[in-house]
Amino acid sequence: MQEVKDFESRIREIEEKIEQIKFYEKPEKKEKELLKLERELKKEMETIYSNLTPWQTVQVARNPKRPQTLDIIRAIFSDFVEIHGDRHFGDDEAIVCGFARFEGINCAVIGHQKGHDTKERAFRNFGMPKPEGYRKALRVMKLAEKFSLPVLTFIDTPGAYPGMDAEERGQAEAIAVNLREMAALKTIIISTVTGEGGSGGALAIGVADRVNILKYAVYSVISPEGCAAILYKDASKADIAAQSLRLTAKDLFSFGLVDRIIEEPYGGAHHFPEIVFENIKQTLREQLRELSQLEIEELIKQRKEKFYRMGALKEV
Amino acid sequence: MWFRKKQKPEATPEKAKAVKVPKGLWIKCEGCGQIVYGDTVEKNNKVCPKCNYHFHISSRERLELLCDEGKYEEIITNLQPEDPLNFVDSKPYKERLNDYQKKSGETEAIVVVRTEIEKIRTILCVMEYGFMGGSMGSVVGEKIKRAIDICIEERLPLVIVSASGGARMQESVFSLMQMAKVSAALSDLAKEKLPYISVLTDPTTGGVTASYAMLGDVNIAEPKALIGFAGPRVIEQTIRQKLPENFQKSEFLLEKGMVDLVVHRNELKKTLGLMLSFLLDRS
């Protein structure tokens, strides 16, 4: 793994200074100093975040402090009940599933969970699902369909787990079936890419009526490291690959591959989770309202047609 | 504990490329290493007569093999790839496309035809591994989508022969979304109760396996084909161990319940005909 240049070090320095002043200084001296530093912090964040390279954006998207599915559930849903298992083989902690209320509306919620600290990350297999994860997700989607509940998914995964057991149990089949079934699911589906949209493991819960992406999240067919290893035979050229893959929210939106960018303040969701939760909430509220106007047949038709339009080619 | 093991995984041998068997010459079989007569291999549909190793064949050779009297009408020929991302690696994507078009004589990594297999009218899609490793970009996705539309319009069954390294990196998320596109279209086909048979040949991996290749009403594999999602090298790097010999091979998938049957190339046409007749005759 190559060293990632710490482009946020200046932000952290100022943050530490603020912490120290809050702790040590006398109240009268505090105020002026703090105001100055906070202004400096804001400016620094703006400078850094308005000029992020694609590779730096990948780093932000992968930041373990970024809010993950369980944080979002805690912040914008109520009465969450998690349910486990695919009824065939086992449970997968890399995908969290359950039911909850969103502003009074009953929903099925599905999302990757990478984990914040080392212990949780190991427990969650770093957010890399195995077949039972996709199958659990599909089971919950089918339940949602049966009981006419909207499905809200949150995408944040490096990708499918490249291990022997996942292959043996048919992860390709599990992903494929999800794609086909989601395309025709008779209920509303809204997906939001919150961090890393890693290829098939992401898409397996991402065939939706609306696909949103947070401003500093990414979505790609392969990781920049993987791409660099194959194309340039050198994983350390990931920064070039990140640029080539056009994986940022802005690029994806301009290609019509995602439906909406959800704003994050300069500094990102890990610095301002509350603001981002509010933005996610507002987006989901609007989209649920909008989509619930449609007849189910029309909803599915529009969903499919959206994906049918995707592609870059010329007819001759 | 895989993460404690520091030894480097051994590199897997280079995969076999589509083979041109020279006429009247003796060649070395890539399966058993024995010397076999080229003409014999050729006559045996490029299968080693000694060990049944299936050499790679081109999409045209496959069509020759599967279509009645080798006759077919190629359709959906008007789609050309684009370079939506201005993708640059060691060679610009556009240039790469040009090179492959010249080299393979195909415009893209899939050929779609209207044909008859054992007298059953069928829409047949055959992937061309010789075109950028059979990778799936926008054109491959769109061609299959349109092939499915034709199946529905003309009430015909669908057969796709896959040979692909997966989604094409040079089109990034455009390629990824072809997985969703084709899978969605297959749900339309299923709704119409028209059969779809998927034939998986060496190799079928990545986003192609994780979409249409695994979604057949019946999934048929050629012997000893590599079939999986993650490539063996990636898995070896993850688990830091050498994979067992037959891992991700057709016979292994059969054992694990992931394909319905493994069929010798010489029997493929007959088996397809039989399966299609079972699924189409609703008497």
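The report turns to the interface between the chains, then to elements within each chain, and finally to salt bridges.

## The interface between chains A and B

This is a predicted model, and its two chains meet where 49 residues of chain A are in contact with 55 residues of chain B. The size of an interface is often given as the accessible area lost when the parts come together. Here the area buried between chain A and chain B is about 4500 Å², and carbon and sulfur atoms account for 71% of that area. The polar side of the interface comprises 21 residue pairs in polar contact, counted where both residues have pLDDT 80 or more. On the side of chain A that touches chain B, at least two residues each come from several elements, including helix 7 (164–168), helix 9 (199–203), helix 14 (296–308) and strand 9 (313–315). Helix 8 of chain A gives the largest share of that side, with nine residues. Sorted by class, the side of chain A that touches chain B has 30 nonpolar, eight polar and 11 charged residues.

Three salt bridges are counted between chain A and chain B. In one salt bridge, A:Lys314 is joined to B:Glu82, with the closest N and O atoms 3.7 Å apart.

## Buried elements of chain A

Helix 4 (residues 69–76) of chain A has six of its eight residues buried, so it is largely enclosed by the rest of the structure. The buried residues of this helix are A:Thr69, A:Leu70, A:Asp71, A:Ile72, A:Ile73 and A:Ile76. They pack against strand 1 (78–83), strand 2 (95–102), strand 3 (105–112), strand 4 (151–157), strand 5 and helix 13 (273–291) of chain A.

A:Ser191 belongs to strand 5 (residues 189–198) of chain A, and it counts as buried because its relative accessibility is 0%. A polar atom of the side chain of A:Ser191 lies 3.2 Å from the backbone oxygen of A:Ile205. When residues up to four places away in sequence are not counted, A:Ser191 touches a set of residues that includes A:Thr153, A:Ile155, A:Gly206 and A:Arg210.

## The sheet of chain B and a loop tyrosine

In chain B, seven strands form an open sheet of mixed pairing, in the order 3-5-6-7-8-9-10. Strand 3 (72–75) and strand 10 (261–262) of chain B stand at the edges, each with a single partner strand, so each has one side without a neighbour in the sheet. Strand 7 (residues 158–164) and strand 8 (residues 196–204) of chain B pair in the parallel sense over six bridges, and B:Ser164 has B:Thr204 in strand 8 of chain B as its bridge partner.

B:Tyr129 is found in the loop between strand 6 (120–127) and helix 4 (138–154) of chain B, and with 22% relative accessibility it counts as partly exposed. Although B:Tyr129 and B:Ala163 are 34 residues apart in sequence, their C-alpha atoms are 5.5 Å apart in space. Neighbours within four places in sequence aside, the contacts of B:Tyr129 are B:His56, B:Gly134, B:Ala163, B:Ser164, B:Gly165 and B:Pro203.

## Salt bridges within the chains

Over all chains, the structure holds 51 salt bridges. In chain A, A:Glu40 and A:Arg10 meet through their side chains at 2.6 Å, N to O. A:Glu40 lies in helix 2 (residues 27–49) of chain A and A:Arg10 in helix 1 (residues 9–24) of chain A, so this pair ties together parts that are 30 residues apart in sequence. Both count as partly exposed, A:Glu40 at 26% relative accessibility and A:Arg10 at 28%.

A:Glu264 forms a salt bridge with A:Arg66, where the closest N and O atoms are 2.8 Å apart; the pair ties together parts of chain A that are 198 residues apart in sequence. A:Glu264 and A:Arg66 are both buried. In chain B, B:Arg114 and B:Glu73 form a salt bridge whose closest N and O atoms are 3.0 Å apart, linking strand 5 (residues 110–117) with strand 3 of chain B.

Definitions and conventions
Residues numbered from 1 in each chain as written. Chains lettered and ligands numbered in written order. Predicted model: local features only at pLDDT ≥ 70, side-chain atom pairs only at ≥ 80, totals over all residues. Heavy atoms only, no water. Contact = heavy atoms within 4.5 Å. Buried area = accessible area lost by both parts, 1.4 Å probe. Salt bridge = Lys/Arg side-chain N within 4 Å of Asp/Glu carboxyl O. Polar contact = N/O pair within 3.5 Å; in protein donor to acceptor, adjacent residues only side chain to side chain. Helix = DSSP H or I, 4+ residues; strand = E, 2+ residues; numbered from the N terminus. Nonpolar A, V, L, I, M, F, W, Y, C, P; charged D, E, K, R; others polar. Buried < 20%, exposed > 50% of the residue type's maximum accessible area, 1.4 Å probe, protein only. Pairing = 2+ DSSP bridges.
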